[in-house]
Amino acid sequence: MQNYYKSAKLDNVCYEIRGVVMREARRLEEEGHRVLKLNIGNPAAFELDIPEEIQQDVIYNMLQAQGYVESKGLFSARKAVMHYCQQRGIAKVDIDDIFLGNGVSELIVMSMQAMLNTGDEVLIPAPDYPLWTAAVTLSSGKPVHYHCDEEQNWFPDIDDIRKKITNRTRAIVLINPNNPTGAVYSQELLEQVIELARKHNLIILSDEIYDKILYDGTQHVSTASLADDVLFFTYNGLSKNYRAAGYRSGWMIISGAKHLAKDLIEGIDMLSNMRLCANVPAQLAIQTALGGYQSINDLVAPGGRLYEQRETAWRMLNDIPGVSCVKPQGALYLFPKLDPKKFPVVSDEKLVLDLLLQEKILLVQGSAFNIGDKQHLRVVFLPRKDTLEDAMGRLGNFLTQYRQ
């Protein structure tokens, strides 16, 4: 019998957040071990529940969700997103400029498939959320990673972006607030990126899924609110701000120089029609979520769960000899660095695998986020404070003894 092989399109596609180490964690759980999963931003796993009014609205309206709806999404949900655009200062967004999807992930893949020809380049931050790199690769494009400077609070290096623009570059990706670093970009930085896009006729793809998860009075500026002569795709959804990760409910907003993108938008329309529609029950949550009480504000304020968990994990990581961590201003993650003089790591994947086997704590290695070194880890700070204190203490003991 002949063997069957995966498509060559997948040769350079990876998503190590659910990769080899995750499979080992699953094996340990099947053997009866309890694994603390600090590898993925899954609020429900740590008793951070969807607000009850959102759940009740979905249940109450469930009978309306039996059939297909308009491929772009329910009118009421898109209307709520349109009002959100007005609140965020994103001008001239109409109902037809909004696409609802099965999470932001589907919309990222869809827009890359519509946008890219073979060999087209997309500038993506390093470190990145790896779905972006995978989506570009799978769409026959070429991901080109620009440097984000840890010494400058993980802000993108504008000079590095400028150097990497070629005649094949189609778009620049911004992840703001950033996963995995927690950086929140200033208006000045965003305006510099917009100027590059304007000069080189590039599309700005702005992933803003964490735009309400902000700490220490940090303000988030939506990139698309700063210009109307550049084409913007803005991505957001319910997974993080509203702890509704399992609903798989996201949206994409097309704004700015839409008159230059009629053919591209037609391609996105075609792909949207091909999947018929996004799941309808989750769309029922959007209007209530965006228009209701924003409980995330309580969680990120001093004394709130997320604020206090961030403080605890950040402090304890920096207390480990040889470990440093820039304090995140947004999102749900820390991205600590291991001093190469103290920790001459050869394989960061082996490091997190050894941690898993010894301490039953699951992290993600930094190289999974397309960064050029082996000295970083991503830590999710969603567990309650006492659980985090125990985990950070065990991580510190492990690293103190660790040698490859």
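## Two domains

Domain bounds, as used here, come from an automatic or database domain assignment, and for this chain that assignment gives domain 1 (8-49 + 298-401) and domain 2 (52-295). Taken over C-alpha atoms, the centres of domain 1 and domain 2 are separated by 26 Å.

The structure is a predicted model, in which local features need pLDDT of at least 70 and side-chain atom pairs count only at pLDDT 80 or more, while totals for chains, interfaces and linings use all residues. Residues are numbered from 1 along each chain as its sequence is written, and side-chain values use heavy atoms, with hydrogens and water left out.

## Where the domains meet

In domain 1, 36 residues are in contact with 35 residues of domain 2, where contact means heavy atoms within 4.5 Å. The size of an interface is often given as the accessible area lost when the parts come together. Domain 1 and domain 2 bury about 3,000 Å² between them, 56% of it on carbon and sulfur atoms; this buried area is the accessible area (1.4 Å probe) that the two parts lose on being put together, summed over both. Val326, Gln329 and Asn370 supply 20% of the area that domain 1 buries against domain 2, more than any other three residues.

Across this interface the rule finds 1 salt bridge, a salt bridge being a side-chain nitrogen of Lys or Arg within 4 Å of a carboxyl oxygen of Asp or Glu.

## Salt bridges in the chain

Side chains of opposite charge can pair when their charged atoms come close. By the salt-bridge rule the count comes to 22. One of them joins lysine 72 and aspartate 269, whose closest N and O atoms are 3.7 Å apart. This pair links distant parts of the chain, 197 residues apart, with lysine 72 in the loop between α2 (52-60) and α3 (75-88) and aspartate 269 in helix α8 (residues 262-274); helices (H or I, at least four residues) and strands (E, at least two) are DSSP runs, numbered from the N terminus. Lysine 72 counts as buried at 7% relative accessibility, whereas aspartate 269, at 23%, counts as partly exposed, where buried means under 20% relative accessible area, exposed over 50% and partly exposed in between (1.4 Å probe, protein chains only).

Another salt bridge is formed by lysine 350 and aspartate 354 (2.8 Å, N to O). Being 4 residues apart in helix α13 (residues 348-359), these two are separated by about one helical turn. Salt bridges that share partners also join Lys72, Arg78, Asp96 and Asp269 into one network.
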